[in-house]
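Please read the numbered paragraphs alongside the structure.

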Number of protein chains: 2
Amino acid sequence: MLDERAKKILIAVVESYIQRLDPVGSRHIAKKYGFDLSSATIRNVMADLEELGYLFQPHTSAGRIPTDRGFRFYVNNILSNEPKINTLLIRELTRRLEDIRDNIELMLERTTKSLATLTHYVSVASHPFEGNTIIKKIEIKKLSSSQILFNFETAEGITKRRILDISTPLSQSELNEAARYINLRFFGYSINEIRELIFKEMTREKVMCDALISKSIRLCREALLTEDMLFIHGFSQVFELPDFFNISKIRELVRAIEDKHLILNLLDELIYKSNGMKVIIGNENQIKEMQDFSIVASTYYEKDRPAGAICLIGPKRMDYAKAISMVRSVSDFITDVLSGRCRHG
Amino acid sequence: MLDERAKKILIAVVESYIQRLDPVGSRHIAKKYGFDLSSATIRNVMADLEELGYLFQPHTSAGRIPTDRGFRFYVNNILSNEPKINTLLIRELTRRLEDIRDNIELMLERTTKSLATLTHYVSVASHPFEGNTIIKKIEIKKLSSSQILFNFETAEGITKRRILDISTPLSQSELNEAARYINLRFFGYSINEIRELIFKEMTREKVMCDALISKSIRLCREALLTEDMLFIHGFSQVFELPDFFNISKIRELVRAIEDKHLILNLLDELIYKSNGMKVIIGNENQIKEMQDFSIVASTYYEKDRPAGAICLIGPKRMDYAKAISMVRSVSDFITDVLSGRCRHG
DNA sequence: TTTTAGCACTCTCGCACTGAGAGTGCTAAC
DNA sequence: GTTAGCACTCTCAGTGCGAGAGTGCTAAAA
């Protein structure tokens, strides 16, 4: 589809754009990357790339900017290469985390903080909480038209309460129905198992025939999500990025992240859907508020069980190579620690 | 100092400015507030008020804007009046919190969220954690040049660990010294008591003669601070305020808040220094990043012991009357709940 | 056939200029 | 002490212009 030369030029354009954050012109590519071609030739190729939807011009006399498709091509190219493990970073992290190997909370707290500091992007990690707790009984009570109360009784006799805000009102009898279904379906499973069951159920019944069952499952999922631990760092740093001289984009990001459910959902899906690295570029994101951003995410594991996810959220024009290598390194590292393996940085 | 008329006009100007966020001119005051005076007279009074430092002009042909001093006058005026308890808010809160009276964490979480939603300012609450835990032994270990580990051993034999980031390196022997001093000084006290002792110690020895003792106390305080619970809401809403078309101010606020220690310190001081309401306007704030903002804060109590603080952070031009009434209502309410009193909204 | 040089064209961006509008300070009259 | 009137000042939005950057196209060169 694209010949070798076009590929090279496309990648050069994306790289250039990532570095300089200005529309990049043919002359610049010719000068900086050479390729033994004149700017005119490169101009022609770039025109072709524009026709194919990889680049676009903000206006006639400006250089070109990669489209989401252009970024996607670039990222796929990176991903297909051998991962460059960032040994320096790993060594630094090892040092920082050495003393708290048994404290996953602190580890994630510090890891996200470090990631944010090192990259200047927003760093988020989720860690499903108390996954092995076995649920004995669930009760649901209506508190008001917009709020319901979940009571989880665990095998050890401890009761956990969660309040959910709901948008469409449900009657107490509906809630009783839902509770009955949930108890029947999930009795005796651990929270982790329930999570997975819910996920399977939700993908299986894409056309949910029974509205109540569908609703029950969704409610339960929400309630379990709020049990997660969530670590967020680097908010203030995003402001420093030249991409966001314009405030409105940041505002949307802040709103999306402050509504923790959105992020939790996103990472949750990641944990059970994809394995390993995932990059979500701009419009590929379901969440409207985040379509001006890109996400580089990775699941980390405990033995073979997916245990949580860690990600970087930055501008579409983020330094993907660096972000991918970092997130990968960090999540591999956490996987190793959780699985009791050692690592020699 | 100010005659009755000048006071009235000053208050009118501040109120006007709070509502419209534009420099307010003499004509506007004359029209809207009357006072049976012409704009020329008001102009003269405003010129006087400017000389006295209550108002200032951004430029010759603009109206006037209150200075911090002007705001302070206005706020003192509000504070000295009978508090208007916001019964509607209280009733709403009572409803929302009815089912979780025994869960302070959830209560504060929801309270801050509600406050943020209702006011569009950033809402923060702190709640010192496990204040009655009695400390048996403290150990301090050096982890690296920038990090040390605190081990608190409680009377029940539980060990709590805290890692602190420090700026100036300390040797292990210095840390041992510090630990020895802390153990000697605070043995057998509860965390709350230690907090108070530390606070007294810090104010007493303003000229800290012994650098090591001073350092020890500060370290210990830091470590205890990180035990606090902190609730923050309403970040994204601040963006909506017309005050902040200019991004840089928000950036500073976000940075200040993301550095949780700053906020915790601020609220901590509040808990032990002032009792009841406190309003901090612009430059009155020690924290540089927050000098473009105002804070309306209140301590809440459990019986007679200060238990935590709750505050609203907004632009200097915030609606103080509303903010004060809300924060006061909310903190009174929480005090009542914590103290086991009932309230009939 | 592919690449290159040259050139006219287009569009943005920063800058200076301008007039309307708002608010002031001052003076003289009430 | 208060008010009306007026000249003055400053901001702000809109306009026009020239420099600069990058393009697309054409014709010549490889």
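1. Two strands count as paired if DSSP finds at least two bridges between them. Helices (H or I, at least four residues) and strands (E, at least two) are DSSP runs numbered from the N terminus. The model is predicted: local features need pLDDT of at least 70, side-chain atom pairs count only at pLDDT 80 or more, and totals for chains, interfaces and linings use all residues. Residues are numbered from 1 along each chain as its sequence is written, while chains are lettered from A and ligands numbered from 1 in the order in which they are written.

2. Strand 8 and strand 9 (residues 293-302) of chain B are joined by five bridges in the antiparallel sense. B:Ile280 faces B:Ile295 of strand 9.

3. DNA strand C is surrounded by 19 residues (C-beta atom, placed from the backbone, within 6 Å of it). The closest are A:Thr41, A:Thr60, A:Ser61, B:Gly25 and B:Ser61.

4. Helix 3 (39-51) of chain A, and helix 2 (26-33) and helix 3 (39-51) of chain B, each supply at least two residues of the surface near DNA strand C. Helix 3 of chain B gives the most, with four residues.
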